[in-house]
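This report covers the overall fold and then one residue in its setting.

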Amino acid sequence: MKVSVDRSLCYGSAECAHRAPEVFAFEDGYGVVRPGRAESAGDPQVREAAERCPSQAIRLME
């Protein structure tokens with residue numbers, strides 16, 4: 001499974017980077033997936049970050 005952040009929805013709460021810092025970073029005011037970590041959607045911390053994202057900008061895809 002892959003994870004991504006939809007920048008058109010993200011408003012920069014940094015909740016993702018706080019919950020799963022090994023997968024997400026906070027750059028230029030937005031959450032981003034760190035290079036090489038897009039295949040981390042199965043990680044429980046990533047799933048929690050997606051569930052708790054206040055703007056619902058995190059996408060988990062098969």
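## Burial and basis of the model

Of the 62 residues of the protein chain, 32% count as buried (under 20% relative accessible area, with exposed over 50% and partly exposed in between; 1.4 Å probe, protein chains only). The model is predicted: local features need pLDDT of at least 70, side-chain atom pairs count only at pLDDT 80 or more, and totals for chains, interfaces and linings use all residues. Residues are numbered from 1 along each chain as its sequence is written, and side-chain values use heavy atoms, with hydrogens and water left out.

## Fold and dimensions

The protein chain contains 2 helices and 4 strands, in the order β-α-β-β-α-β from the N terminus. These are DSSP runs, numbered from the N terminus: helices are H or I with at least four residues, strands E with at least two.

The C-alpha trace spans about 25 × 20 × 20 Å along its principal axes. Of the contacts (heavy atoms within 4.5 Å) with a separation of 6 or more, 57% are between residues 24 or more positions apart.

## Residue S55

S55 lies in the loop between α2 (44-52) and β4 (58-61). Its relative accessible area is 15%, so S55 is buried.

Leaving aside residues up to four places away in sequence, S55 touches L9, C10 and Y11. With L9, the side chain of S55 reaches the backbone oxygen at 3.4 Å.

Definitions and conventions:
Polar contact = N/O pair within 3.5 Å; in protein donor to acceptor, adjacent residues only side chain to side chain.
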